[in-house]
Amino acid sequence: MKSDKEIKKEFLPKFWKNPDRYYATGVLKEEGFVRKICIICKKPFWNTNAERRVCGDPLCSGEGFGFIGKTPAKKEMSYIDVWLKFARMFRKLGYTPIKRYPVVARWNPTMEYTNASISAFQPYVISGEVEPPANPLVIPQFCLRFNDIDNVGVTQSHNTGFVMIGQHSFVPPDKWDLERVFSDIHLWLRKGIGLENSDITYHEDAWAGGGNFGSCMEFFSKGCELGNQVYMLYEQRPSGIKELGIKVLDMGMGQERNAWFTQGCETIYDATFPTVVKKLLSKTGLKIDSDIMRRYIPYAGLLNLDETEDVEKSWKLVAKRVGIDVKDLKDFMVPLSGMYSVAEHARSLLVALADGGLPSNVGGGYNLRMLFRRAKLFVNKHDWPVDIPEVCEWHAHYLKPIFPELVKNLDGLRNILEVEGKKYENTKKKSVRIVKKILKGEVSEKELLKLYDSHGIPPEIIREEFERRGKGIKIPDDFYSRVSELHEKKERVTETEKVEIPFSGIPETKILYYNNYKTLSFEARVLEVSGNFVVLDQTGFYPTSGGQLHDLGSINRERVLDVFKQGGMIVHKMKKGHGMKRGMKVKGEIDWLRRLKLSQQHTATHIVNAAARKVLGKHINQAGAKKTEERSHLDITHYQPVNVRELKEIENAANKIVGRGIKIENMLIPRNVAEKRFGMRIYQGGAVPGRMIRVVNIPRVDVEACGGTHLNNTKEVGKIKLIKTSKIQDGVVRIEFTAGEEVERISGEENEIFEIVLKNLNELVELDGKITDISKQLRECSEFFSVPLKQIGKTVEKFVKEALEDSKILKMSLAKKRVKTLKKACETVFKIWKSQKKELENMRIKRAGSEIRKLLNKAKRERIFEIVDMSRKEMIKTADLIVSSHPKLTVILINKNGDVVGMSKTKDITKELRKFCRKYGGSGGGKGSLAQGKINLSKLKRGKK
């Protein structure tokens with residue numbers, strides 16, 4: 001198959017050769033537009049000026065942003081008004097305005113973030129598999145793109161986050177009306193914005209992406225591209241080009257661009273978030289020189305890092321055209337660009353975090369962390385009293401008329417960014433240590449990228465450390481864009497293994513377990529057999545998927561070993577000699593106990609997820625899960641580890657849900673119906689394929705698109721017990737738990753562990769009162785000692801035993817201390833143990849001092865060679881103390897076990913020690929000043945005799 005670029009190149013001439021078919025030429029001619037060819041880019045364009053020879057692209061016209069201070073728009077609009085007025089006009093034209101989709105694109109398997117308005121409807125609406133939420137429709141879709149991050153603030157026109165106003169329709173070929181949809185957008189330019197036809201230039205173009213392509217019309221005015229209208233007409237297949245079953249209108253128009261254009265103000269940021277800019281100017285103390293800005297903006301595009309090879313040269317060129325010294329221009333623009341970047345990045349973070357995104361060092365979270373740290377760098381560099389969460393809050397209140405949801409979780413956003421700020425400060429401290437190691441040499445661009453990618457260290461911090469030591473370092477101007485490219489591919493947390501069996505032409509298997517998990521027997525017909533693998537026309541067996549293990553049971557009394565999905569088929573793996581043939585009628589029986597346990601675990605997963613969201617915040621989403629008969633785990637997106645108190649709160653909240661006896665709704669419904677009824681929260685576990693989707697709804701608790709087996713009522717779960725929590729990667733926390741009868745079994749195991757712990761603790765401490773909530777207190781002990789729960793008994797026994805033995809050596813009597821909790825008892829035992837170890841160490845040091853004096857007295861010719869009564873560890877310490885105070889001495893010590901330690905500050909001791917060990921039946925080695933080995937001590941003694 002050809003690339004998008006190749007397809008576009010191939011079909012542009014065809015579109016241009018027949019413009020009446022691919023563009024709305026009838027409307028254009030009626031409005032007085034004339035078709036011409038640009039003498040520079042050779043692209044066909046339409047304009048009412050018969051004398052014009054160049055298109056509207058600034059690169060061809062050379063006019064830059066000609067609307068600054070003199071916009072031809074007669075309808076000035078605020079950023080908020082652009083959408084409100086657009087929606088009002090298009091509603092009258094027959095379009096339905098709908099709410100934006102989340103910017104975190106969990107429903108879309110092809111992308112991490114929504115990057116265009118049409119992305120909201122990919123892939124299923126565009127393919128015709130699913131009905132759109134309205135048709136035709138308009139949408140204010142917030143989008144994220146990170147490829148221009150280094151241009152933000154510099155060109156005054158770039159953003160990482162923006163609203164693409166979409167005009168969309170999805171119709172069969174016989175209802176496709178190119179003239180009408182083009183007339184509608186032309187009406188917006190004329191009546192909505194208030195442009196004369198003479199102010200508008202249309203470009204004929206093509207678009208390709210995702211296997212689809214078609215013609216495209218761009219619209220410009222005074223050097224500003226206000227939007228473009230794409231007509232998706234074809235699809236590319238391995239067999240060739242084919243017309244799409246439905247024709248798709250994909251008009252994308254920048255809300256920011258339209259607001260900026262109609263206002264004609266200096267920057268896109270002043271037009272997009274004026275209240276935020278005003279507050280930041282007040283906080284930072286920066287002043288805007290409108291005269292310099294008006295002269296700078298028309299040429300700011302020359303600093304676009306995508307289009308310039310020499311940035312310094314471009315700065316000089318811009319400064320010359322502005323009529324100001326390049327240093328003075330930079331001194332004015334660099335801090336101002338930083339302020340605009342802080343404002344812009346804060347807005348992107350606000351929307352992404354509100355929609356469930358989290359900064360991290362993996363996947364799409366990497367780009368969010370990059371945004372935060374870049375904004376933080378500007379704040380720190382200029383020492384501004386600016387709080388990034390507060391800037392996010394300003395944005396939320398300004399955007400409330402069109403995005404009211406953004407103000408609902410500002411406390412959660414602040415918590416996330418405060419933790420992120422602490423991580424950033426820790427990274428800065430770590431960077432100082434790392435920089436010290438690399439100061440001697442030159443640091444390449446590749447190494448800078450590696451330091452950021454591996455350690456999160458921004459290059460600006462590295463440059464600061466170098467400059468403090470009088471050294472320079474060059475940072476690529478497009479550094480952050482390069483970093484973003486490293487993380488374009490989506491990282492998946494969990495995947496289900498697949499086995500491909502050579503079946504073809506078989507219809508989808510009818511699923512019988514969706515409505516009732518108690519469906520345990522069924523009749524079916526064999527559709528296909530391949531060795532041990534059997535496909536039926538319908539089945540009650542659940543296949544391994546979504547983290548849930550498959551059912552077990554039998555078909556015609558032959559044991560089912562495995563069940564898995566392959567496309568729309570469910571494949572059963574049987575024992576050899578199962579005897580099934582195509583067309584045969586069979587009876588299936590499902591193992592009830594396994595089905596019950598797995599259904600309890602899966603339903604418990606949904607409940608724990610909901611409970612975690614209630615306790616930890618609305619940002620919680622599922623990042624992976626696994627369910628077995630005995631226990632399960634749920635991976636959730638969270639910005640810091642979950643502590644024991646929070647874990648207990650989640651467990652309590654989960655069991656309250658269980659106890660309420662809520663009826664669970666299991667339904668198979670069309671995707672668009674599910675989205676309309678429940679919202680995009682149904683995809684919290686990730687993308688789910690198909691026109692029809694299975695939705696599991698626990699009313700007012702949790703709703704998810706999920707194909708697993710589920711109970712009919714929350715009370716059937718019995719009880720949920722959270723076992724432990726751990727951080728499995730940055731931004732993802734794992735909660736391990738169990739449900740049903742397994743809770744009693746694990747509680748019994750915990751009681752046994754508790755008895756062992758209590759018995760050992762009673763040797764040194766006395767617990768005051770009755771111990772309540774054994775599970776929670778054992779977890780606290782586990783956390784204190786940093787060992788798994790199962791090892792707590794042995795761990796406590798070890799510390800108590802050593803403390804008692806050490807007290808005998810020290811000839812100390814230990815009085816029992818009274819404590820109230822198990823954790824306090826563990827802390828007390830550890831404190832006693834540590835204190836005694838310190839006393840023993842002091843004794844050893846005194847003893848070592850005495851030994852050292854004896855050894856120094858025996859030194860001959862700057863050499864000590866002795867057999868000593870010490871452990872290997874003590875020998876190393878003793879040798880180190882000797883050579884530290886007497887650097888000319890070489891020390892070789894041997895103990896009664898035949899351990900050998902050699903140390904020297906004046907030579908490499910390794911070769912000598914290795915030779916010595918070999919001589920006396922052993923071996924040794926080392927590096928530099930320290931070498932170690934083992935010998936046969938009896939051979940040494942015989943040799944001495």
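1. In what order do the 3 strands of the open sheet come? The order is E20-E21-E22, and the pairing is antiparallel. E20 (665–670) and E22 (702–705) are the edge strands, each pairing on one side only. From one strand to the next the twist averages 25 degrees. For the bookkeeping, helices (H or I, at least four residues) and strands (E, at least two) are DSSP runs numbered from the N terminus, and two strands pair if DSSP finds at least two bridges between them.

2. A word on provenance before going on. This is a predicted model, in which local features need pLDDT of at least 70 and side-chain atom pairs count only at pLDDT 80 or more, while totals for chains, interfaces and linings use all residues. Residues are numbered from 1 along each chain as its sequence is written, and side-chain values use heavy atoms, with hydrogens and water left out.

3. Back to that sheet. E20 and E21 (residues 692–698) run antiparallel and are joined by 6 bridges; Glu665 stands opposite Asn697 in E21. Helix H19 (residues 592–616) packs on the sheet, touching E21 and E22, and its direction makes about 125 degrees with that of E22. Helix H21 (residues 671–678) packs on the sheet too, touching E20, E21 and E22, with about 125 degrees between its direction and that of E20. Axes here are lines fitted to C-alpha atoms (for helices, over the stretch in contact), and angles run from 0 to 180 degrees between N-to-C directions.

4. Gln600 sits in helix H19. Is Gln600 buried or exposed? It counts as buried because its relative accessibility is 9%; buried means under 20% relative accessible area, exposed over 50%, partly exposed in between (1.4 Å probe, protein chains only). Leaving aside neighbours within four places in sequence, Gln600 is in contact (heavy atoms within 4.5 Å) with Leu711, Glu716, Val717, Ala739, Gly740 and Glu741.

5. Another one to click on is Ile185, in helix H6 (residues 178–192). With 0% relative accessibility, Ile185 counts as buried. Not counting residues up to four places away in sequence, Ile185 touches Phe86, Phe90, Gln167, Phe219, Gln229, Met251 and Met253.

6. Now for strand E9 (residues 240–254), which pairs with strand E5 (residues 161–171) in the antiparallel sense over 8 bridges. Val171 has Lys247 in E9 as its bridge partner. Strand E8 (residues 224–237) also pairs antiparallel with E9, over 10 bridges, and Val230 stands opposite Asp250 in E9. E8 and E9 form a hairpin with 2 residues between them.

7. On voids: the structure holds 1 cavity of 30 Å³ or more, and about 50 Å³ of space lies in the largest cavity. A cavity is a set of points, on a 1 Å grid over the protein atoms alone, where a 1.4 Å probe fits but cannot get out; lining residues have an atom within 4 Å of a point. Leu350, Leu353, Ala354, Leu406, Asn409, Leu410, Gly412 and Leu413 line the largest cavity. Helix H12 (326–354) and helix H15 (410–438) are the elements giving two or more residues to that lining. By class, the lining has 6 nonpolar, 2 polar and no charged residues.

8. Finally, the overall picture: the protein has 28 helices and 31 strands, and its C-alpha trace spans about 115 × 85 × 55 Å along the principal axes. Of the 945 residues, 54% are buried.

Terms used. On a 1 Å grid over the protein atoms alone, a cavity is a set of points where a 1.4 Å probe fits but cannot get out, and a pocket is an open set with protein on both sides within 12 Å along at least five of seven lines; lining residues have an atom within 4 Å of a point. Grid points are joined across faces, edges and corners, and a volume is the space filled by probe spheres set on the points. Ala, Val, Leu, Ile, Met, Phe, Trp, Tyr, Cys and Pro count as nonpolar, Asp, Glu, Lys and Arg as charged, and the others, Gly among them, as polar.
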